[in-house]
Amino acid sequence: MNLENLKAIRQSKGYSIDLMAELMNEEPDKYLELEYDVREATATELAQLDEILAK
């Protein structure tokens, strides 16, 4: 998954930051670190994002 467009993809699905964090079992701040490219996503997080955003 290309995280460069994570915000746009999330918004196009109509998902909130809080919903994404909840679906990933993380705090919203941790999710935002991914969305704003503060840190690299782990393999587990990438798999979760692929699953969540593929719906």
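Predicted model: local features only at pLDDT ≥ 70, side-chain atom pairs only at ≥ 80, totals over all residues.

Trainee: Which residues of helix α4 are buried?

Mentor: In α4, which spans residues 43–53, the buried ones are Glu 45, Leu 49, Ile 52 and Leu 53. They lie on the same side of α4, because their arc around the axis is only 80°.

Trainee: Why can residues apart in sequence point the same way?

Mentor: An α-helix has 3.6 residues a turn, so residues three or four places apart point the same way.

Trainee: What covers the buried residues of α4, and which exposed residues does the face turned away carry?

Mentor: The cover includes α1 (6–13), α2 (17–23) and α3 (28–35). Ala 43, Thr 44 and Glu 51 are the exposed residues on the face turned away.

Trainee: Now the charges. How many salt bridges are there?

Mentor: Side chains of opposite charge can pair when their charged atoms come close. The count here is 5 salt bridges. One of them joins Glu 33 to Lys 30 at 3.9 Å, N to O. These two residues are 3 apart in helix α3, about one helical turn.

Trainee: Which salt bridges does Arg 39 form?

Mentor: Arg 39 meets Glu 33 at 2.7 Å, N to O, and Glu 45 at 2.9 Å, N to O. Arg 39 is partly exposed, at 21% relative accessible area, whereas Glu 45 is buried, at 5%.

Trainee: Which residues are linked in a network of salt bridges?

Mentor: The network links Glu 26, Lys 30, Glu 33, Arg 39 and Glu 45.

Technical notes
Residues numbered from 1 in each chain as written. Heavy atoms only, no water. Buried < 20%, exposed > 50% of the residue type's maximum accessible area, 1.4 Å probe, protein only. Helix = DSSP H or I, 4+ residues; strand = E, 2+ residues; numbered from the N terminus. Arc of directions from axis to C-beta. Contact = heavy atoms within 4.5 Å. Salt bridge = Lys/Arg side-chain N within 4 Å of Asp/Glu carboxyl O.
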